[in-house]
Amino acid sequence: MPREFELCPGRPIGGDQPCFIIAEIGQNHQGDLEIAKKMIRMAKECGADCAKFQKSELECRFNKGALSRPYNSQHAWKPTYGGHKLHLEFSHEQYKELQRFANEIGIFFTASGMDEMAVQFLHELNVPFLKIASADSNNFLYLETTAKKGHPMVISSGMQSIEIVRQIYKTVKGINPNFCILQCTSAYPLSPEDVNLRVITEYQKEFPDIPIGYSGHETGIAITIAAVAMGAKVVERHVTLDKTWKGNDHEASLEPNELTELVRSIRIVERAFGTSVKRLLPCEENCLSKLGKSVVAKVAIPAGTSLTLDMLTVKVAEPKGISPEEIFALVGKKVKTKIDADESITKELF
């Protein structure tokens, strides 16, 4: 069973703990602080555990050439990529305001630190955990720096091979034991055939001492629910107020009604996990009483007869007789009284 640790204050993950559900707001706030607050409230009202953003210090994350690159996408906010990203980037003071708002309404608040300066800011902001985006999971210098901050870590593994993921595990484990790895495919939106949920099982085998989760970019909620059924202890989904808004991520995001249904369905699945002990349950007694079968006499059987299999059959019977699974054990037993055809075989007859 994956080791448990406290991802957020008072909220452990792993083991038999409930799945931790991250509502990834990312930059779907359109650069508008009030929309960001509405999305935090939406995440809370839909039942998510955490509202998460993406924080960059642009000059640390991109070089000058990348920032000045023309950006002609239909989703562009500005004519250069740097201008576009700047439009979507909140200041430190705005992040502090969003954190205060999340605290007021009672939902955990964090962000992906998209570069080392952003990680330092989030460390100073004292977020409960640091999220590592797929694009940074093979940046081992960054991973070491982030792990040394001491915060729990959630690491997505999109675009990486299993060899790289093993190195991620080894790098972080030697510094900070409190982390989990999420299966992820970095495509927006993600086709079902590229999800590869079986990787969750492989991660569970490879890294049995940490929780494993799932970060999804597919449309709909069915695949994420399946990930939880396969043992994902953390799930992350992008969320939006409107899938038609400008932005690359909106199409692969969940609107409020979908997020609500995802949370509801995950909690139902968790209730259904139950116990690994297979036994007759109290809730099954009524069905057993009405439809459970018994061994009955196929033919009339004289007193003193030693039973053979061809004398017996199985039916729903009144009164209840010996259970069907015991029919072979009856062969050779001698009955002490006459048994009529179609009569229940009970223990009192021997």
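Predicted model: local features only at pLDDT ≥ 70, side-chain atom pairs only at ≥ 80, totals over all residues.

In which strand is Lys 131 found?

1. Lys 131 and its surroundings. Lys 131 is found in strand β6, and because its relative accessibility is 3%, where buried means under 20%, this lysine counts as buried. Its side chain makes a polar contact of 3.0 Å with the side chain of Ser 156, and a further polar contact, of 2.9 Å, joins the side chains of Lys 131 and Glu 236.

2. Helix α6. The buried residues of this helix, which runs over residues 116-125, are Ala 118, Val 119, Phe 121, Leu 122 and Leu 125. Viewed down the axis of α6, these residues fall within an arc of 160 degrees, and they therefore line one face of the helix. The elements that cover them include strands β4 (50-55), β5 (108-113) and β6 (130-132), together with helices α5 (92-105) and α7 (140-147). At the start of α6, a side-chain oxygen of Asp 115 comes to within 3.1 Å of the backbone nitrogen of Met 117, while just after the helix Asn 126 adopts a positive phi of about 60 degrees.

3. Helix α7. Here Phe 140, Tyr 142, Leu 143, Thr 146 and Ala 147 are buried, and because they cover an arc of only 155 degrees around the axis, they lie on the same side of α7. Among the elements that cover these residues are β5, α6 and β6, and also β7 (153-156) and α8 (162-173).

4. The nonpolar cores. The largest nonpolar core has 66 residues, and those with the most contacts inside it are Ile 40, Phe 53, Ile 181, Tyr 214 and Leu 259. Helix α1 (residues 33-46) gives the most to this core, contributing 8 residues. Leu 259, when its neighbours within four places in sequence are left aside, is in contact with Ala 23, Met 42, Ala 43, Cys 46, Val 239 and Leu 254. A second, separate core has 13 residues, including Met 311, Val 335, Ile 345 and Leu 349. As general background, nonpolar side chains in soluble globular proteins tend to be buried together.

5. An unreviewed UniProt entry carries the annotation "domain: AFP-like" for residues 294-350. Over residues 294-350 the chain is 7% helix and 14% strand, and the end C-alpha atoms are 16 Å apart.

6. Overall form. The protein has 13 helices and 12 strands. Its radius of gyration is 29 Å, well over the 20 Å that the globule rule gives for 350 residues, so the protein is more spread out than a compact globule. Along the principal axes, the C-alpha trace spans about 100 × 40 × 40 Å. Buried residues make up 50% of the 350 residues, and of the contacts with a separation of 6 or more, 64% are between residues 24 or more positions apart.

7. Backbone features to inspect. Most residues other than glycine have a negative phi, and most peptide bonds are trans. A cis peptide bond joins Tyr 188 and Pro 189, with omega about -10 degrees, and Pro 189 has its place in the loop between β8 (179-184) and α9 (198-206). The peptide bond from Glu 318 to Pro 319 is also cis, with omega near -5 degrees, and Pro 319 is found in the loop between β12 (312-315) and α13 (327-330). Gln 30, in the loop between β3 (20-26) and α1, has a positive phi near 65 degrees and counts as buried at 10% relative accessibility. Met 159, in the loop between β7 and α8, has a positive phi of about 70 degrees, but this residue is exposed, with a relative accessible area of 59%.

Methods. Residues numbered from 1 in each chain as written. Heavy atoms only, no water. UniProt positions renumbered as here; feature names shortened; annotations may be inferred. Helix = DSSP H or I, 4+ residues; strand = E, 2+ residues; numbered from the N terminus. Buried < 20%, exposed > 50% of the residue type's maximum accessible area, 1.4 Å probe, protein only. Arc of directions from axis to C-beta. Contact = heavy atoms within 4.5 Å. Polar contact = N/O pair within 3.5 Å; in protein donor to acceptor, adjacent residues only side chain to side chain. Core = buried A, V, L, I, M, F, W, Y, C linked by side-chain atoms within 4.5 Å. Rg over C-alpha atoms; globule rule 2.2 N^0.38 Å.
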